[in-house]
Amino acid sequence: QVQLVESGGGSVQAGGSLRLSCASSEYISIFNSIAWFRQVPGKEREGVARIHTRDLGVAYADSVKGRFTISLGSAENTVYLNMSIMKPEDTAMYYCAAGRAGDEWFGPLATETYNYWGQGTQVTVSS
């Protein structure tokens, strides 16, 4: 069974940086894409960033473009999300997700595209 484990969350002041890690129990290459989502209580889960595991194509939500970067780690089972110039509105539980199929139907940042989810890591940005 595929397991995804997020780490690296914590508290940071506005303008600061954090790096989240997602460790997969399987090689990343068996998935079509890996993504990061975030969710705050009472709101829908929001797609933040996605990386295609083969062509390394990336996609970002408008709210994080220019501030967040998704990348594959040198180990074959890790994905990172580098977050900089952070804002209080970035406060959320962040989830890693992996999808086996393409994202042509629902899009790269849609929850329906992904089959496997981690438990999440909390990120809090104070003003």
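Which residues of strand β1 (residues 4-7) lie on the covered face, and which on the uncovered one? Leu4 and Glu6 make up the covered face, while Val5 and Ser7 make up the uncovered one. In a regular strand the side chains alternate between the two faces of the sheet. Strands here are DSSP runs of E with at least two residues, and helices are runs of H or I with at least four; both are numbered from the N terminus. β1 runs antiparallel to β3, and four bridges join them. Two strands pair if DSSP finds at least two bridges between them. Val5 has Ala23 as its bridge partner in β3.

The model is predicted: local features need pLDDT of at least 70, side-chain atom pairs count only at pLDDT 80 or more, and totals for chains, interfaces and linings use all residues. Residues are numbered from 1 along each chain as its sequence is written, and side-chain values use heavy atoms, leaving out hydrogens and water.

The chain has zero helices and 11 strands. Its C-alpha trace spans about 40 × 30 × 25 Å along the principal axes. Of its 127 residues, 45% count as buried. Buried means under 20% relative accessible area, exposed over 50%, and partly exposed in between (1.4 Å probe, protein chains only). Contacts are heavy atoms within 4.5 Å. Among those between residues at least 6 apart in sequence, 57% join residues at least 24 apart.

The largest nonpolar core holds 28 residues. Such a core is a set of buried Ala, Val, Leu, Ile, Met, Phe, Trp, Tyr and Cys residues joined through side-chain atoms within 4.5 Å. Trp36, Leu81, Met83 and Tyr94 touch the most other members. Seven strands, β3, β4, β5, β7, β8, β9 and β11, each supply at least two residues of this core. The largest share, four residues, comes from β9. Leu81 touches residues including Leu18, Trp36, Val48, Phe68 and Tyr94, not counting residues up to four places away in sequence.

The structure holds one disulfide, defined as a pair of cysteine sulfur atoms within 2.5 Å. It joins Cys22 to Cys96, with S to S 2.0 Å. Cys22 lies in β3 and Cys96 in β9, 74 residues apart. Both cysteines are buried. The link is left-handed, with -75 degrees about the S-S bond.

Thr113 sits in the loop between β9 and β10 (116-117). Thr113 counts as buried because its relative accessibility is 4%. Beyond four places in sequence, Thr113 touches Gly99, Gly102, Asp103, Phe106 and Gly107.
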